[in-house]
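Please open the model in your viewer and display each chain in its own colour.

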There are 2 protein chains.
Amino acid sequence: MKKIDILKKLRTSGLRPTKQRVEIAKFLFERDKTFHFTVESLNKLLEKKTSNKFALATIYNTVHAFKSAGHLSEVEVRGKKTYFDTNVSNHHHFYDSENSELIDIDSNDVVIQKIPKAPNGKKIKNIEVFINLKN
Amino acid sequence: MKKIDILKKLRTSGLRPTKQRVEIAKFLFERDKTFHFTVESLNKLLEKKTSNKFALATIYNTVHAFKSAGHLSEVEVRGKKTYFDTNVSNHHHFYDSENSELIDIDSNDVVIQKIPKAPNGKKIKNIEVFINLKN
DNA sequence: ATCCAGTTTATAATAATTCTAAAGTAAAAC
DNA sequence: GTTTTACTTTAGAATTATTATAAACTGGAT
């Protein structure tokens with residue numbers, strides 16, 4: 001994704017393309033493979049990659065803004081930190097607790113044959129399959 | 001589950017049946033349906049139900065002790081608080097984010113036809129299916 | 001009854017995240 | 001191109017869930 005697209009992405013989401021947002025967006029979205037991170041890991045990587053330092057609160061603000069705009073998804077992982085994913089399509093995850101690593105599973109690689117119907121008055125929003133790994 | 005069984009349950013787990021543990025165990029395990037809770041909700045419910053007050057740290061200690069002994073399971077729910085479940089068999093969950101409620105799904109009610117093979121050198125520990133609900 | 005390891009307790013410490021209010025800035029209005 | 005305005009960033013404080021600490025307590029062995 002090119003810089004011009006980054007700017008468009010931000011503008012069309014109603015996000016003013018500030019220096020910080022553009023930097024973070026470039027870091028997150030200018031890549032081929034999907035990327036999983038926590039606010040802490042993102043912060044460290046940004047410190048290395050770019051010369052600028054961002055306030056931690058800015059990382060939080062930005063990541064949440066991107067999430068609200070649908071550019072990031074939050075992954076269901078129990079633990080202290082919240083994981084985010086640049087893959088916003090419907091998909092599943094392996095979780096390797098050895099090194100706290102998430103790995104995407106394409107939606108097509110999981111086929112569910114049978115699920116229960118939703119409780120009264122409720123509908124199914126989405127189904128997440130989480131495969132925990134061991135060595 | 002009767003009191004005598006509660007005591008046996010604690011003793012066979014190597015847990016000394018203290019006043020607090022017995023009270024909490026009775027509250028958690030003397031019921032027919034499975035029960036989902038957070039430390040906070042459990043604490044509130046115990047305050048109402050029993051005349052005794054427990055230190056919050058005791059609730060944490062006890063819940064973790066029960067979990068280590070295999071009498072409680074921890075559920076994968078993203079959010080600030082950790083959820084526990086008196087159902088320790090292999091099963092899945094609905095999650096109703098409207099009222100932060102978990103509902104058990106029997107393992108037999110979910111059939112997965114296809115899953116990807118685990119990444120190199122890793123094995124599958126378990127599979128958790130999480131069905132998010134909406135109104 | 002006495003003792004001791006395991007427990008409970010109140011409180012402090014920690015960790016992730018959110019809040020706050022002042023200073024900064026993109027972009028609209030002039 | 002200035003000025004203005006509303007949105008952002010920032011540093012630090014506040015909050016929240018959880019864990020650690022260390023002193024007081026207690027079940028159960030002796």
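A polar contact is here a pair of N or O atoms within 3.5 Å; within protein, one of the two must be able to donate a hydrogen and the other to accept it. In this predicted model, there are 28 residue pairs in polar contact between chain A and chain B, both residues being at pLDDT 80 or more.

Select next the side of chain A that touches chain B. Strands S2 (73-75), S4 (92-96), S5 (101-105), S6 (111-114) and S7 (123-134) of chain A each give two or more residues to this side. S7(A) gives the most, with 12 residues. Coloured by class, this side of chain A shows 18 nonpolar, nine polar and 15 charged residues.

At A:Lys123, look across to B:Lys134 in S7(B), which stands opposite.

For the charged pairs, select A:Arg78 and B:Glu74. These residues form a salt bridge, with their closest N and O atoms 3.7 Å apart. Four salt bridges are found across the interface of chain A and chain B.

In total, 42 residues of chain A are in contact with 42 residues of chain B. About 3700 Å² is buried between the chains, and carbon and sulfur atoms give 54% of that area. Superposing chain A on chain B takes a rotation of 178 degrees with 0.1 Å of shift along its axis, at an RMSD of 0.2 Å. This is the relation of a two-fold axis. The copies meet through the same surface, because 100% of the interface residues of chain A are also interface residues in chain B.

Terms used: Residues are numbered from 1 along each chain as its sequence is written. Chains are lettered from A and ligands numbered from 1 in the order in which they are written. This is a predicted model: local features need pLDDT of at least 70, side-chain atom pairs count only at pLDDT 80 or more; totals for chains, interfaces and linings use all residues. Side-chain values use heavy atoms; hydrogens and water are left out. Copies are superposed by least squares on the C-alpha atoms of residues with pLDDT of at least 70 in both. Contact means heavy atoms within 4.5 Å. Buried area is the accessible area (1.4 Å probe) that two parts lose on being put together, summed over both. A salt bridge is a side-chain nitrogen of Lys or Arg within 4 Å of a carboxyl oxygen of Asp or Glu. A polar contact is a pair of N or O atoms within 3.5 Å; within protein, one must be able to donate a hydrogen and the other to accept it, and residues adjacent in sequence count only if both atoms are side-chain atoms. Helices (H or I, at least four residues) and strands (E, at least two) are DSSP runs, numbered from the N terminus. Ala, Val, Leu, Ile, Met, Phe, Trp, Tyr, Cys and Pro count as nonpolar, Asp, Glu, Lys and Arg as charged, and the others, Gly among them, as polar. Two strands pair if DSSP finds at least two bridges between them.
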